[in-house]
Amino acid sequence: MTVAAEDGIDLFIPHVYDMVWSAIILVIVALFFYKYFLPKFNAIFDERSSKIEGGIENAKKAQKQADEAKRKYEDQLSTARVEASKIRDDARAEASHIIADARSRADAEASQISQSAQRSIESQHQQALVKLRGEVGTLAAALAGRILGAKLQDGAVQSQMIDGLLDEISDNKQ
Amino acid sequence: MVGVAGIHMLIAAQGGPDLPTVDDFLPPEILFQGTPFAINRIILVRIVATVAMLLILGVSAHRAKLIPGRWQGVLEMGVSFVRDNIVYEVMGALRGRRYVPMIATIFFTILVFNLCGIVPGANIAATASVVMPLVFALWTMVQYWIAAVREKGLGRFIRDEVFTPGVPWPVYILLAPIQILELLVIRPLSLTIRLFANMISGHLMVATCLAFAQYWMIESADKLMGIPVGATWFVGGLLMTCFEAFVAFLQAYVFAILSTVYINLSYPEQ
């Protein structure tokens with residue numbers, strides 16, 4: 001331990017070699033930070049913030065597109081719903097039309113059928129009546145002839161009798 | 001310091017603990033003795049610390065990715081701390097952009113150099129010789145003079161600083177010399193001495209605690225008393241080491257923020 005070292009003031013006296021090394025080191029670290037370290041990190045910070053901004057932008061765009069698509073689909077859906085209800089109404093109306101048509105046609109056909117049936121019954125009835133009249137007349141004439149003999153040879157009496165008989169039958173029938 | 005050395009002398013005479021002295025900061029030259037490139041212990045620590053810092057930070061920056069890992073996250077925290085919490089906070093982003101690399105250099109280098117004080121093997125801060133803090137302080141001074149000349153012009157800067165407006169003229173007799181001294185001497189020297197003295201006292205405190213721990217626990221003949229006393233000193237050394245880590249950061253921060261403030265003072269008021 002030197003006596004000089006006991007004096008704390010020695011600590012504050014710079015040595016040439018200390019200055020040289022301090023200056024060299026300062027220049028080296030300053031160059032490193034100025035030229036490499038900070039530009040590198042700044043580049044990374046910038047890239048990151050631009051990426052984040054780009055991401056936010058993209059997300060906004062996607063959101064907008066999604067909103068648009070949703071609105072479009074909702075519009076389409078509501079149109080489709082309206083259309084569907086219209087179609088249903090139309091179908092219902094048509095169905096009732098068809099039913100009514102069918103009913104009226106059926107009614108008409110039925111009445112036609114019943115009319116023609118009525119007519120054919122009537123005509124058959126008429127035919128039967130005419131036929132019956134002829135047959136009954138012949139039969140009755142034959143029968144009466146057999147019973148009464150010559151007494152009924154006269155044609156006038158014969159037809160009068162037959163008419164009377166038929167009228168009686170008709171009255172009975174009614 | 002003289003007092004500590006005195007006690008050392010006293011105890012050393014009795015074969016006491018190997019207490020640290022001022023000599024720790026005036027180590028002998030071990031390489032290139034006598035030349036301007038002589039290297040002593042502190043300078044060796046400084047060179048090793050510089051190489052280690054450049055390697056670690058350089059490799060980290062080279063490997064830096066857009067999506068940071070844990071280590072890169074720590075580094076980015078440091079970089080954005082210097083940028084946002086020191087430079088931009090004091091002088092704003094517009095003015096501060098050009099000074100971010102300078103303040104980052106000062107902050108990171110001083111932090112690493114200070115931390116050497118508690119790195120085993122180094123055990124002395126690389127800033128614990130007066131020249132290293134002085135060089136940083138002179139850099140700051142050069143920068144605030146350049147900023148002053150560029151932003152205000154030399155004449156207006158000196159007029160504003162030395163003859164502070166709004167002061168009655170007789171006060172200038174007292175104020176003007178103080179202001180000149182402030183600009184040329186006090187600012188750089190206060191930066192230098194604050195950092196340097198903190199590193200010296202930190203080393204002395206840690207080393208004293210550990211020297212007493214060593215002495216009481218191992219060298220003392222009276223083990224009954226020596227072990228608890230030594231253990232207490234050791235705990236003290238542990239706490240001081242943690243405190244030194246904090247001081248290492250704090251002094252780097254103080255140096256960086258004061259440099260920023262001094263440079264900002266050279267800009268015209270807005």
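Why are A:Lys51 and A:Glu47 separated by about one helical turn? The two residues lie four apart in helix α2 (residues 16-148) of chain A, and they are therefore separated by about one helical turn.

The model is predicted: local features need pLDDT of at least 70, side-chain atom pairs count only at pLDDT 80 or more, and totals for chains, interfaces and linings use all residues. Residues are numbered from 1 along each chain as its sequence is written, chains are lettered from A and ligands numbered from 1 in the order in which they are written, and side-chain values use heavy atoms, with hydrogens and water left out.

Chain B has eight helices and two strands, where helices (H or I, at least four residues) and strands (E, at least two) are DSSP runs numbered from the N terminus. Along the sequence, the pattern of chain B reads α-β-β-α-α-α-α-α-α-α. The C-alpha trace of chain B spans about 70 × 60 × 40 Å along its principal axes.

Two packed helices are described by the angle between their axes and the distance between the axes. Here axes are lines fitted to C-alpha atoms, for helices over the stretch in contact, and angles run from 0 to 180 degrees between N-to-C directions. Angles under 35 degrees count as roughly parallel, over 145 as roughly antiparallel, 65 to 115 as roughly perpendicular and the rest as oblique. A crossing is left-handed if the near helix is turned anticlockwise from the far one by less than a right angle, and right-handed if clockwise.

In chain B, the axes of helix α2 (residues 41-63) and helix α4 (residues 100-115) come within 10 Å and cross at roughly 125°. The pair α2(B) and α4(B) is therefore oblique, and the crossing is right-handed. From α2(B), B:Arg46, B:Ala49, B:Thr50 and B:Met53 meet B:Phe108, B:Thr109, B:Val112 and B:Phe113 of α4(B), contact meaning heavy atoms within 4.5 Å. Five of the residues in the contact of α2(B) with α4(B) are nonpolar, two polar and one charged. In these classes Ala, Val, Leu, Ile, Met, Phe, Trp, Tyr, Cys and Pro count as nonpolar, Asp, Glu, Lys and Arg as charged, and the others, Gly among them, as polar.

Helix α5 (residues 131-151) of chain B packs against two further helices. With helix α7 (residues 169-219) of chain B, the axes come within 8 Å and cross at roughly 150°, in a right-handed crossing. The residues of this contact of α5(B) with α7(B) divide into 13 nonpolar, two polar and two charged. With helix α8 (residues 223-265) of chain B, the axis of α5(B) comes within 8 Å and crosses at roughly 20°; α5(B) and α8(B) are therefore roughly parallel to each other. The contact of α5(B) with α8(B) has eight nonpolar, three polar and no charged residues.

Between the chains, 37 residues of chain A are in contact with 54 residues of chain B. Chain A and chain B bury about 4100 Å², 77% of it on carbon and sulfur atoms; buried area is the accessible area (1.4 Å probe) that two parts lose on being put together, summed over both. A:Leu11, A:Tyr17 and A:Trp21 supply 18% of the area that chain A buries against chain B, more than any other three residues. Chain A and chain B share two salt bridges. The side chains of A:Arg48 and B:Glu76 meet in a salt bridge at 2.8 Å, N to O.

Notes
A salt bridge is a side-chain nitrogen of Lys or Arg within 4 Å of a carboxyl oxygen of Asp or Glu.
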